[in-house]
Amino acid sequence: MTKDKELKSQVLLSERDIATKVRRLAFEILEHSGDEQLFFVGIHKRGVILAERVRDILKKEKQEIPLGTLDITLYRDDLDNLGTNPAIESSDIPFEVDGAHIVLFDDVLFTGRTIRAAIGNLIDYGRPSKIELAVLIDRGNRELPIHADYCGHEIKTTKQEYIRVRFREMDDEEGIYLLK
Amino acid sequence: MEPRKDLLDIESLSSEEIEFLLKTAGPFKDLFEKSVKKVPTLRGKSVLTLFYEPSTRTRSSFEIAAKRLSADVTNFSVAASSVVKGESVLDTVDTLQAMKVDYIIVRHPASGIPNLIAKHANASVVNAGDGFHAHPTQALLDAFTLREVFPKSARKRVLIVGDILHSRVARSTSTLFRKLGVEVGVLGPGGLIPDGKPKEFKVFRSFDEAFEWKPDLIYLLRIQLERQKAQFFPSLHEYHQVYGVTNERFARVEKEGIWIMHPGPVNRGVELVDNVMRYERCLINQQVENGIATRMAVLYWLKPQTSSREAEVEV
């Protein structure tokens, strides 16, 4: 985080923009799934918040959607390259994964490696009938054949740039910034 | 958290490192409830257990921990190996070095051997017990178990009973408990209490005296007949009468709701009577389960110098 100060930051989405995008994401999911029972899984930490927001919007529209959380640290393929060991959060999947139609949530889709790890992690819990992916921002630069089924906002970036997401639930403010 | 290469004792751990390890063990324990109890974290890494002393529990615990992290595990069976043929410890380490193992789990009857190996090897070394010196993963699993019962462990009272002098468990666990703010008292045969420790521990002369201190938990040490060259107490029967949890003492333990820990394996009828094993506040099996989770956290945290460590990357 120290490098934030040295970088120029540009607002990509304001708090209001985020609210609009999340609502659209929710209704796209509703449109595609109809009456089908869905199960949400958020990737720690901001994917969990995104999943919770979408679930809350759909509360009146659909039967209750169980929500699980996933920490994918142990499934990362780059642990050897990290100088430090990330703290691990508890993963909690409070429903039967076998046969479930799961929507996986993360805030930013970038190389696709996090999602690859998350899918590997989920499959260790059972055999879902389907896994879909919902993200708030797709910033391109994929290194794996992975795409989002639901996407709030797409933007072209370079690998050197950095997207910073701030959510009120865990940060003091809300907004999405591009750091160059 | 910055990784380290080796885990050799408790003394050198900072309180941040201790908190990191205790916190990290939690999610690992959650894994045991899943149908697949395994994560790919150490895939492709090799873990070798090098035990110069007999041990089934600790070795299996490390082995399961490593396997649940997807590492490959080899047991270097010392009794059956070249040690019998006269190979020195460092020659053995050279051999392991050539085999490119990433983690060495070592137990040795002489204090300091793990430190010697750690200096010599690129692999991460975990001390699984050396002489009377240290048994850090036992201490971590004990602390993790204590925290499950008492999330705020500070100022809780733990009474350690037994052969304090010959016990690396007592040394490591009491050090860690005190680092967590726990008050530690000790009770054991006179000849088996180290001299000059009254500032760190409260020393009791009898179980009655210790009960008056109102311990929250009693930690029973195993009587290690194999590690005791001189006779410090007349007989096992007498030990049980004076320092064991007898039926009479167990009634008091139950009445006051005191928790029980023991590092295993238990000598029934010596440290405790059978009924204690069925007591709902007996944490012995929980300690075994937590041992695996804690050792997974340790293996996750350590970074051998065998892996290519590049600059920090952001994902």
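User: Leaving aside neighbours within four places in sequence, which residues is B:I284 in contact with?

Analyst: In this predicted model, B:I284 is in contact with B:I260, B:H262, B:V266, B:L272 and B:M277, where contact means heavy atoms within 4.5 Å. Local features need pLDDT of at least 70 and side-chain atom pairs count only at pLDDT 80 or more, while totals for chains, interfaces and linings use all residues. Residues are numbered from 1 along each chain as written, chains are lettered from A and ligands numbered from 1 in written order, and side-chain values use heavy atoms, without hydrogens and water.

User: Why does B:I284 count as buried?

Analyst: Buried means under 20% relative accessible area, exposed over 50% and partly exposed in between, with a 1.4 Å probe and protein chains only. The relative accessibility of B:I284 is 5%, so B:I284 counts as buried. B:I284 lies in helix α11 of chain B; helices are DSSP runs of H or I with at least four residues, strands are runs of E with at least two, and both are numbered from the N terminus.

User: What makes α2(B) oblique to α11(B)?

Analyst: Helix α2 (residues 57-68) and helix α11 (residues 284-301) of chain B pack at about 55 degrees, with their axes 8 Å apart. Axes are lines fitted to C-alpha atoms, for helices over the stretch in contact, and angles run from 0 to 180 degrees between N-to-C directions. Under 35 degrees is roughly parallel, over 145 roughly antiparallel, 65 to 115 roughly perpendicular, and the rest oblique. The angle therefore makes α2(B) oblique to α11(B). Residues making this contact include B:F62 and B:A65 of α2(B) and B:I292 and B:M296 of α11(B).

User: How do you know that the span of helix α1 of chain A agrees with expectation?

Analyst: The expected span is 1.5 Å times one less than the number of residues. For the 19 residues of α1(A), residues 15-33, this gives 27 Å, and the end C-alpha atoms are 27 Å apart, so the two agree.

User: Why are the buried residues of α1(A) placed on the same side?

Analyst: The buried residues are A:I18, A:V22, A:L25, A:A26, A:I29, A:L30 and A:S33. They cover an arc of only 135 degrees around the axis, which puts them on the same side of α1(A); the arc is that of the directions from the helix axis to the C-beta atoms. The face turned away from the buried side carries the exposed residues A:R16, A:E31 and A:H32.
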